[in-house]
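Please consult the sequence and the structure shown below while reading.

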Amino acid sequence: FIMLDKLLTSLQEIPAYSIFISAVVVIFIAVSVLTMFGKARQEKEIEQLRWDKVSAHMALYDNARRVVIPLEADEILVGRHGAADIRFTDMSVSRYHAVLYVSNGVWSVMDLGSKSGTYVNGRKIRSQVKLKDMDEIRFGTKSVVIRQRRRGVRNV
């Protein structure tokens, strides 16, 4: 209580306009911070809508492991190496096997000279191939299906 009493005494010595100015500054800072957080949230929502349009809500479905792998970048390296964005430990998958990328809502895959090859719907690809919903992609012997994500699907 002694500290509180000293604080009140020191506040009584300060002119009223100084306290008023300090209160206005504190309120201005608080409003500014809240405005910045609101704008940042709004910007994040706009960016998410833009990404949803660009990405077409696609994901890879690994039925063998019952895993959904969301496609959340415009270029994704697939391989066995630790630097790969999507990593498969299967030895038939090369360290740098293939690249998935999106442009205007259309996903494509391109093999990176892998030994065991990349296949789309059972056909070995030799150049970039545009993907459609429900296409099966095989990296070596590792098979996944590209599908449109449903709302509420949990990511891994």
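The points that follow are grouped by topic and refer to a predicted model. They begin with S92, which sits in the loop between β4 (86–87) and β5 (98–103), and then turn to β5 and the strands that pair with it.

**Burial of S92**
- S92 has a relative accessibility of 18%, and because the cut-off for a buried residue is under 20%, S92 counts as buried.

**Contacts of S92**
- The side chains of S92 and D90 form a polar contact at 2.7 Å.
- A polar atom of the S92 side chain also lies 2.8 Å from the backbone nitrogen of T141.
- When residues up to four places away in sequence are not counted, S92 touches H97, S116, F139, G140, T141 and K142.

- Five of the six residues of β5 are buried, so the strand is largely enclosed by the rest of the structure.

**Pairing of β5**
- β5 pairs with strand β3 (residues 75–79) in the antiparallel sense, over four bridges.
- Within this pairing, Y101 of β5 stands opposite E75.
- β5 is also joined to strand β6 (residues 106–111) by six bridges, and these two strands run antiparallel.
- V102 has W107 in β6 as its bridge partner.
- The hairpin of β5 and β6 has two residues between the strands, and N104 in this hairpin takes a positive phi near 55°.

Methods. Residues numbered from 1 in each chain as written. Predicted model: local features only at pLDDT ≥ 70, side-chain atom pairs only at ≥ 80, totals over all residues. Heavy atoms only, no water. Buried < 20%, exposed > 50% of the residue type's maximum accessible area, 1.4 Å probe, protein only. Polar contact = N/O pair within 3.5 Å; in protein donor to acceptor, adjacent residues only side chain to side chain. Contact = heavy atoms within 4.5 Å. Pairing = 2+ DSSP bridges.
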